[in-house]
Amino acid sequence: MSDTPSTSFLPLTGHAKDLGGGFTVRRLLPAVQRKAVGPFLFFDHFGPVTVAPGDSHDVRPHPHIGLATVTYLFSGAIMHRDSLGYVQQIEPGAINWMTAGRGIVHSERRPESLANQPYVNHGIQLWAALPLAHEEADPSFVHTPAPAIPQVQVDGASVRVLVGEAFGQTSPVATYSRTLYLDVQLPAGATLEIPALAPELAVYTVDAPVSLNGGEVPAHILAVAEPGQSLRLTAGESAVRLMVIGGEPLDAPRHMWWNFVSSRKERIVQAASDWEAQAMGQVPGEVEWIPLPEHRFKA
C-alpha cells in the first residue's frame, strides 16, 4: 500500500430514488462505474427531511438474504422490528447491524412516541455483502448504542469508529470480513490524514465540499480512492461531515435484485419464490408486507 496519496479518485454522484410515500433517498451504490467498495455494495443517504404527522415514510415488512444492513442516524428515529422478534428504536449515533444471511424480514417505521409531532430524519443505510462462507449464516440483529462507539480527536477532527479499527480505536461491532466505517467531523480549514486502513476506501461528503488528496470533492459525492491509497482530507471555509467506508474487496461477484444479494442467481430466484409464498418469516404485530416488484429476476 502506498504512503503517498494519489490525487485521482472516482467521483460517484448517485441518483434520487423514491422509496414511496414521497420518501426520496440519494443512492450512491451500486453505480454503473462502481459496484462496491470493500464489502459495501449499497449506499443510501436519506434526508435531512422533516417528517410531519400524517406523512407515510414507513417501510413495510420486506425480506433480505445474503447481506447485512447497517443503519446510522445523524438525527431522528426509526423503529426497527424483525422476524426474529427484535424491536429496537434506532437513534442518532448508534450502529444497527442486521445480518440477513439465509433470510430475515423487517420493517422500519415512525416510532409511536413521535406519531403526533414533526421531526427530522437524516442518516445513511449501507448493505454489506456477506463473505461466501457466511452467505447463508443464521440471521441476527445487533444494536450498538452511541456511547459504546469509540470516538477520538485527531488533529482537530472528531472521528467516531463505527466499524473496524482506526487511530488506535476498535469498534465493538462484529463483522464477517475486514470492514471500515468512520464518521468524521472536520472543522473549517482543518486537515486529517487517514492511512490506508483497508485495501479499498471511499469518502462521502455529507454536507459540504472537501479536498481529497488535493482534488475537490463537492457535497453529496462518494469519492472512491485508488486501491491501497491513504487519504488527506482538508476542509475549506466550512466545517464538513464525512463518512469513510471500505474494507477487503468482495471475495466473488455478487448478484443483487430488489432486497436480495447472492453469489448464485438461482438463490435469488428461490428467495423471490419464498417471499411470494410468505415463507420467509413474519414480523410480530405486522399485517402489511411489500410485494415483489413486477419485473422479476431471471437466473
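Select P30, which sits in the loop between β3 (24-29) and β4 (40-51); strands here are DSSP runs of E, at least two residues, numbered from the N terminus. Before you zoom in, note that this is a predicted model, where local features need pLDDT of at least 70, side-chain atom pairs count only at pLDDT 80 or more, and totals for chains, interfaces and linings use all residues. Residues are numbered from 1 along each chain as its sequence is written, and side-chain values use heavy atoms, with hydrogens and water left out.

Now check the bond from L29 to P30: it's cis, with omega near 0 degrees. Next, hop to P48 in strand β4. The G47 to P48 peptide bond is cis too, with omega near 5 degrees. Most peptide bonds are trans, and most residues other than glycine have a negative phi.

Go to H220, in the loop between β21 (215-217) and β22 (222-225). Its phi is positive, near 70 degrees. W258, in the loop between β25 (255-257) and β26 (260-262), also has a positive phi, near 55 degrees.

Finally, select L182, L186 and V244, which touch the most other members of the 31-residue largest nonpolar core. Such a core is a set of buried Ala, Val, Leu, Ile, Met, Phe, Trp, Tyr and Cys residues joined through side-chain atoms within 4.5 Å, where buried means under 20% relative accessible area (1.4 Å probe, protein chains only). Strand β17 (residues 179-186) gives this core its largest share, four residues. A second, separate core has 29 residues, including L126, Y204, V206 and I245.

Note on methods. Buried means under 20% relative accessible area, exposed over 50%, partly exposed in between (1.4 Å probe, protein chains only).
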